[in-house]
Amino acid sequence: MNSDRKIHRKSPISGKAPDSMVIFLHGYGADGSDLFDLSIPYSNEMPNTQFISPDAPYDCAMSATGKEWFPIENIPFGAANAAKIFLSLLEQESKSFSIPFEKIILIGFSQGAMLALQTLLISPKRIGSVIAYSGGLSLENIDLSKDLILDNRHKYFNTPVLLIHGEMDEVVPFSSLKITADLLYKIGFNIEKVPRPDLGHGIDQVGIKSGIDFLRKNNF
């Protein structure tokens, strides 16, 4: 694990102290720079928000320059170990900027989306919101949070969650959208879904706007 991994940062464009934070979690084989451009459209609507986009802690086994949150062959359980490590970073950033977890938004793509959702499920504190692009969960991921589930309701069931997925995704099957939503519904979450026709494994302008509108609606 690389303890000196790079973290891309963008301060609030208002010039004020941040009142919230967005953390971008990149996909397998990419790095923190991959999603960082999303800070431009998001910050235009969230001028008092601190944006960060960290590199995953491990060199990617299938990319000479990319990073991974966990080995691809360790799906689904690798997400739990990755989430525990990521929660340490989350705690560190929360304290550094004096921003509580409930004002932190996780925006993940692909493996980063899986990490964001798993972090939501096992975090000891309520996270503000999760936007997951082209990712998914399995029943095993839900079971890993059983200590936070009582009478089929997760302790933080009221956390807003948005799932966005391309219908032509060639990497993570589009069926993951419904599977993930159904798993989260069953433990109390109220999920919003945005299917994207004709989109493969990626993020389009409609998906970006959907994320921004979702956060605005939920008072971020």
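A: Start with pairing: two strands pair if DSSP finds at least two bridges between them. Strands (E, at least two residues) and helices (H or I, at least four) are DSSP runs, numbered from the N terminus. This is a predicted model: local features need pLDDT of at least 70, side-chain atom pairs count only at pLDDT 80 or more, and totals for chains, interfaces and linings use all residues. Residues are numbered from 1 along each chain as its sequence is written, and side-chain values use heavy atoms, without hydrogens and water.

Q: How many bridges join strand 2 and strand 6?
A: Five, in the parallel sense, between residues 20-25 and residues 104-109. Ile-23 faces Leu-106 of strand 6. The open sheet has seven strands, ordered 1-3-2-6-7-10-11, with mixed pairing.

Q: What describes a pair of aromatic rings?
A: The distance of the centres and the angle of the planes. Rings of Phe, Tyr and Trp (its six-membered ring) pair if their centres lie within 6.5 Å; planes under 30 degrees apart are stacked, over 60 edge-to-face, the rest tilted. The whole structure holds three aromatic pairs. Phe-24 and Tyr-42 have centres 6.2 Å apart and planes at 70°, so they are edge-to-face. Phe-24 is in strand 2 and Tyr-42 in helix 2 (residues 39-45), so the pair ties together parts 18 residues apart in sequence.

Q: Are Phe-24 and Tyr-42 buried or exposed?
A: Buried means under 20% relative accessible area, exposed over 50%, partly exposed in between (1.4 Å probe, protein chains only). Both Phe-24 and Tyr-42 are buried.
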